[in-house]
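Please look over the side-chain contacts in the model below. My notes follow it as numbered points.

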Amino acid sequence: TYTTDTKSREENKKTIESLSRLSVDIKKIRRVKEWVLLQDVAYVKEIAGILQEMGADKTTVANILEHCPEAILHSPAEINSQRTLWQLVCQNEKQLIKLIEQFPESFFTIEYQENQKANILFFQELGLKNNIITRFLTSAPSIFYNPVEKNRNVIETLQRNYLSLGGSDANMKIWILKLLSQNPFILLNTSTAIQENLEFLQKNDFTDHDVLQLLSKLKGFIFQLTPTTMQKSMLFSKNVFKCSDEELKQLVLKCPALLYYSVPVLEERLEGLLKEGISVEQIRETPMVLELTTQIVQYRMKKLAALGYDIKSGTLESLNGTKKDFEVNYGKIQSKKERPIFNPVAPIHID
């Protein structure tokens, strides 16, 4: 823990000089993390030396220290331990220095080294490939701060539920690894929360097969919800679409976003669609359109309108999908429009 009392302290001149010699932008550090420059002890030369040893050039070292100046407050021994730790999953030091340059904060968070090591070994034992683990280390570092027992409990809860919902032993490992790869943040949930969410779905007449389908479609995001938020979202959809419980269940299976998005988000997107002249009936036919933001819908409608395609009088299917899906559909509509209505080289039959 470092003091942030900047008024009563002066900058460490030795630190400033050492950083300047490395061509680090001191003004940038002052603007963002001035407290680093006030600390009595800093290891500028030593940390720069370790980075250079790993293959970082002068520019790379300066970039790393500008973006994560707190790196200089860690001792060389601590940084070398972290280096050894990350080498468990990195192919070589060239890859490691590239990761440090892109994600310096993740690398220089060294307070949880024991947990980090235990979790890396656990993930390897589970069957996750090293390139996936490095992705976790950089984009979801918080999952490594948990004690390994906590992460193990969450995984065991998922495995137990997968089997109880009718999943097979043969597919379980692939399912778990895919779920983790798509959303590692499921490990930040508790085993109890996971259990409660699955029980909520079963109480609402979703069959075991339905629940498994939802787990796969939602990429584990279902575990970041609560029974209360899911209940509110489902009630909102039921009122909007004026449907029975069974019809609502089918809508949710067709479009899990109805379960995942909060009421304010669903409300805003629905209003956006209605303002564009789209009817509730059309939305009910193609609920997946609610996965798109109002801005995306407006942009896509504008592009289609330019081709003379009136979305209000037809299906919303052409609005759906990822950016890539939309571009493919748009291309098909465009080529259909540009195709001549007669074959110019066909012979003319005259009676």
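**Notes on charged and aromatic contacts**

1. E327 is partly exposed, with 32% relative accessible area (buried is under 20%, exposed over 50%, partly exposed in between; 1.4 Å probe, protein chains only). The model is predicted, so local features need pLDDT of at least 70 and side-chain atom pairs pLDDT 80 or more, while totals for chains, interfaces and linings use all residues. Residues are numbered from 1 along each chain as its sequence is written, and side-chain values use heavy atoms, without hydrogens or water.

2. E327 forms a salt bridge with K303 at 3.7 Å, N to O (a side-chain nitrogen of Lys or Arg within 4 Å of a carboxyl oxygen of Asp or Glu). K303 is in helix α19 (residues 294–306) and E327 in helix α20 (residues 323–338), so the pair ties together parts 24 residues apart in sequence (helices are DSSP runs of H or I, at least four residues, numbered from the N terminus).

3. K303 also lies over the face of Y330, 4.3 Å from the ring centre (NZ of Lys or CZ of Arg within 6 Å of the ring centre and within 35 degrees of the ring normal).

4. The whole structure has 10 salt bridges. One of them joins R83 and E93, with the closest N and O atoms 2.9 Å apart. R83 is buried at 12% relative accessible area, whereas E93 is partly exposed at 23%.

5. Ring pairs link F122, F123, F136 and F144 into a cluster (Phe, Tyr or Trp rings, the six-membered one for Trp, with centres within 6.5 Å; planes under 30 degrees apart are stacked, over 60 edge-to-face, the rest tilted). F122 and F123 are both buried.

Note on methods
Helix = DSSP H or I, 4+ residues; strand = E, 2+ residues; numbered from the N terminus.
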